[in-house]
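Please walk through the model shown below, moving from a single side chain to the packing of helices and then to the chain as a whole.

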Amino acid sequence: MPNQIAEAKQPFQGGKPRRSRFMRSFHKHKYYYLLLLPGILYFVIFRYIPMAGIAIAFQDFKIAGGMFSGPWTGLKWFRILFEAPDFWVALKNTIIISFYKLIFNFPAPIILALLLNEVVNKFFKRTIQTIIYFPHFVSWVVLGGILFSIFSTDTGLLQLFGVSTSPIMDPGSFRGFLILTEMWKEVGWGTVIYLAAIAGVNPELYEAARIDGANRFQLVRFITLPCISSTIIVLLILRTGQILSVGFDQIFILYNPLVFEVADVLDTYVYRLGLTMGRYSFAAAAGLFQSFVGLLLLLFTNWIVRRMGERGLW
């Protein structure tokens, strides 16, 4: 009975109600919340507030009249979008290029991280990491100029070897050229997350496996990969949600009329319709379709992962 009376009096200390759990946590970790504030503001300003522009896809939008001044047209622009032959060409190219990048570029950072983890010499390891990280910090505009200079059949290095066809100008090899150049640029930076996950593996697991006679390949197969599988799955789910977004910067810089039939994707299609042709409602409908399909793929992949007994995003 005295304990119950004491608990009943606990919420009121000095005549003031006890602070909520959130307020106590906020007061205790206020500097962490302060560090979190720029990220929250970024997403609110640049991700959530612009969502009001979705209304353009359901209007006959005129830029001079403002966002909500045009008459509502329902699903008119979506019907026109699905009847446009060039939309299906862009969708086909997007799926093919994204599938290639998922097959070849997604496992590449995992393999490279496993290889770097086996390097014993710290100086050599850090040197290699610096070299492979560097291309990530160079913009596609700069890299595009470098690649055009190297692979040009008129003034590039290909002329020295007598090559008459450039992969930038050849529709048959342009998609492969996209895959290889993105892999070269981003594979090093993609290893950062996986190396951090590998660093968190308990060293005692490796020691126990070595005592049992496991070799390096078996250590990777039975310890390293299972321990970082949750990280791989989360990144795979996020990558699947972006399957209709294959990298506007790279393709916009590198593609040209000679490879337009195999290089025009939804990102460049929306850009061309919206900014160069002024068909804002049409472009908004195409962009909304792209985002909606990405959301469905994200939810479906997460559902499949959860059904397999793994831990998904939620």
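Which backbone oxygen does the side chain of Lys185 reach? In this predicted model, the side chain of Lys185 reaches the backbone oxygen of Val138, at 3.3 Å. Lys185 belongs to helix H9, which covers residues 174–199, and with a relative accessible area of 5% Lys185 counts as buried, because that value is under the 20% cut-off.

Gln218 lies in helix H11 and is partly exposed, because its relative accessible area of 31% falls between the limits of 20% and 50%. With its neighbours within four places in sequence left aside, Gln218 is in contact with Gly213 and Ile223.

Both H9 and H11 come up again in the surroundings of helix H6. Helix H6 runs over residues 107–117, and its buried residues are Ala108, Pro109, Ile110, Leu112, Ala113, Leu114 and Leu116. These buried residues pack against helix H5 (85–105), helix H7 (122–133), H9, H11 and H12.

H12 leads on to a further pairing of helices. Two packed helices are described by the angle between their axes and the distance between the axes. For helix H12 (residues 229–241) and helix H16 (residues 280–307), the axes come within 7 Å and cross at roughly 150°; since angles over 145 degrees count as roughly antiparallel, H12 and H16 are therefore roughly antiparallel to each other. The crossing in which H12 passes H16 is right-handed. On the H12 side, the residues that meet H16 are Ile233, Ile237, Leu238, Thr240 and Gly241, while their partners in H16 are Gly294, Leu297, Leu298, Thr301, Asn302 and Val305.

Finally, the chain can be considered as a whole. The chain has 16 helices and 2 strands, and of its 314 residues, 33% are buried. Among the contacts between residues at least 6 apart in sequence, 61% join residues that are at least 24 apart. The accessible surface of the chain comes to about 20,200 Å², and carbon and sulfur atoms account for 68% of this area.

Technical notes:
Residues numbered from 1 in each chain as written. Predicted model: local features only at pLDDT ≥ 70, side-chain atom pairs only at ≥ 80, totals over all residues. Heavy atoms only, no water. Helix = DSSP H or I, 4+ residues; strand = E, 2+ residues; numbered from the N terminus. Buried < 20%, exposed > 50% of the residue type's maximum accessible area, 1.4 Å probe, protein only. Polar contact = N/O pair within 3.5 Å; in protein donor to acceptor, adjacent residues only side chain to side chain. Contact = heavy atoms within 4.5 Å. Areas by Shrake-Rupley, 256 points an atom, 1.4 Å probe, with all protein chains shown as cover. Axes fitted to C-alpha atoms, helices over the stretch in contact; angles between N-to-C directions. Parallel < 35°, antiparallel > 145°, perpendicular 65-115°, else oblique. Left-handed = near helix turned anticlockwise from the far one by under 90°.
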